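Please consult the sequence and the structure while reading.

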Amino acid sequence: MATTLLLGAMLWADTMKPPHPGWGVAIEDDRVLATAPHAQLRTDFPDASVIEATDCVVTPAFVNAHHHMYGVLAHGIPLEKAPAGFWPFLKEFWWPLVEDRLTHDWIAAATDWACLEMVRNGITTFYDCLEAPYAIPGALEVEAQVVRRRGVRGVLSFEATERVSAENGALGLRENADFIDHCRAHGGLVSGMMCFHTTFTCSADFIHRAFELAAERGARTHMHLSEGTYEPEYCLSRYGMRPVAYYEHLGVLGQHVLASQCVQVDAAEIEILARRGVHVSHQPLSNCEVGGGFAPVPEMLEAGVNVALGTDGYMNNFFEVMRAAALIPKARLQDPGVMPASVVWTMATQNGARALGFTDVGILAPGYQADLLLITTDVPTPLATHNLADQLLLWRNPSHLRGVMCAGRWLLCDGKVIGMDENAVRGRVEEAARRLWEGSIA
Ligand SMILES: [Zn+2]
């Protein structure tokens with residue numbers, strides 16, 4: 001088997017630990033074989049092919065723990081007026097003008113664009129949540145075919161909800177269950193997850209059914225949770241308790257749960273999330289977009305909750321999302337010491353992998369997947385072990401990625417995405433958006 005040595009200026013193999021200057025990675029097939037000083041690797045693997053990247057830092061690739069790939073179709077969509085809050089955002093805009101109109105062709109076009117965008121951003125693993133009630137059955141397989149072709153590691157799900165009808169809700173749960181089974185049978189980089197929407201679009205019976213189907217398959221379950229004040233108010237008035245307490249009451253919380261957003265959660269809810277081992281994904285920029293508030297991320301981390309990072313299909317520049325995750329809490333808590341850069345890097349890599357259930361992603365160590373980034377080091381001030389996390393978080397961007405590797409395969413090399421006609425991909429998504437917008441109010 002062919003072994004490749006990747007020798008960078010510095011190796012930051014595990015973002016919880018200090019980086020190693022002068023270290024590299026040995027890669028065989030889709031996995032990391034060894035990490036060691038350059039000279040050691042050359043001695044241990046004398047027949048290996050060598051890639052010198054001494055103007056780059058090698059880091060684990062990013063994990064986007066919450067995406068809506070179809071979201072790109074709504075970027076710039078004409079609106080008569082801005083939605084007046086989170087509920088009107090869904091009811092008057094997002095559901096009727098976007099999700100309810102999606103077709104398989106448009107979903108495929110958006111998926112292709114999303115994959116291109118993720119590769120450019122150094123994201124090699126992602127979780128996606130598709131809501132398109134009139135595009136099932138079969139919508140997830142449409143996405144999967146594109147994702148497989150692009151070579152990224154995708155966990156795909158359909159956001160089942162009873163908001164259209166009970167029958168449509170059941171069809172959504174079935175879409176997930178069948179897709180999980182299908183991916184398990186066929187292997188590869190694409191897998192499935194169970195997913196339902198929220199407490200305000202799904203009944204208790206429906207939520208139990210989602211968890212049953214997931215448990216039968218040993219799969220995780222995702223839901224949106226308290227993205228704004230609407231859901232806590234709904235649960236308090238309907239069930240006399242806040243959403244996390246309601247889920248606890250239903251007996252469904254555990255390490256198999258991925259809850260996205262968690263913006264409006266109070267201290268008692270954070271305690272339950274931590275105690276139950278629920279994974280949380282945080283989307284700082286889309287929280288701003290919908291006026292949802294500030295997620296208590298430092299508080300959740302302090303309580304021991306595993307918090308990952310996602311783009312939410314909004315602004316998909318992962319460096320910007322990381323900066324938002326680092327900077328917004330400093331302003332909110334009036335404390336520049338919270339959310340150090342290394343913590344944000346950890347959320348963007350290994351926390352994301354844990355949240356999605358991967359045990360061999362997010363760190364560069366023997367036996368782990370060879371998912372990595374080559375990030376250029378040409379910042380204007382010296383790059384050192386003490387400042388690497390800050391330098392890379394604050395002053396790097398997708399344009400500074402020299403290489404992106406997923407499962408041992410280069411997806412971006414010398415700054416160019418491999419095997420994609422970028423203009424053709426953009427042309428298809430632009431056409432899809434144009435047709436979607438024809439039904440909007442402009
Ligand atoms: Zn979302």
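Predicted model: local features only at pLDDT ≥ 70, side-chain atom pairs only at ≥ 80, totals over all residues.

When residues up to four places away in sequence are left out, Val-98 touches Leu-73 and Ala-74. A further pair may be considered in terms of sequence and space. Val-98 and Glu-233 are separated by 135 residues in sequence, and their C-alpha atoms are 26 Å apart in space.

## Division into domains

The protein chain is divided into domain 1, formed by 3–60 + 372–406, and domain 2, formed by 62–355. The centres of domain 1 and domain 2, taken over C-alpha atoms, are 31 Å apart.

## Contact between the domains

How many residues of each domain take part in the contact? On one side there are 14 residues of domain 1, and these are in contact with 20 residues of domain 2.

On the side of domain 1 that touches domain 2, helix 14 (388–395) and strand 16 (401–406) each supply at least two residues. Helix 14 provides the largest share of that side, with 4 residues. By class, the side of domain 1 that touches domain 2 consists of 10 nonpolar, 2 polar and 2 charged residues.

Definitions and conventions
Residues numbered from 1 in each chain as written. Contact = placed C-beta atoms within 7 Å. Domains from an automatic or database assignment. Nonpolar A, V, L, I, M, F, W, Y, C, P; charged D, E, K, R; others polar.
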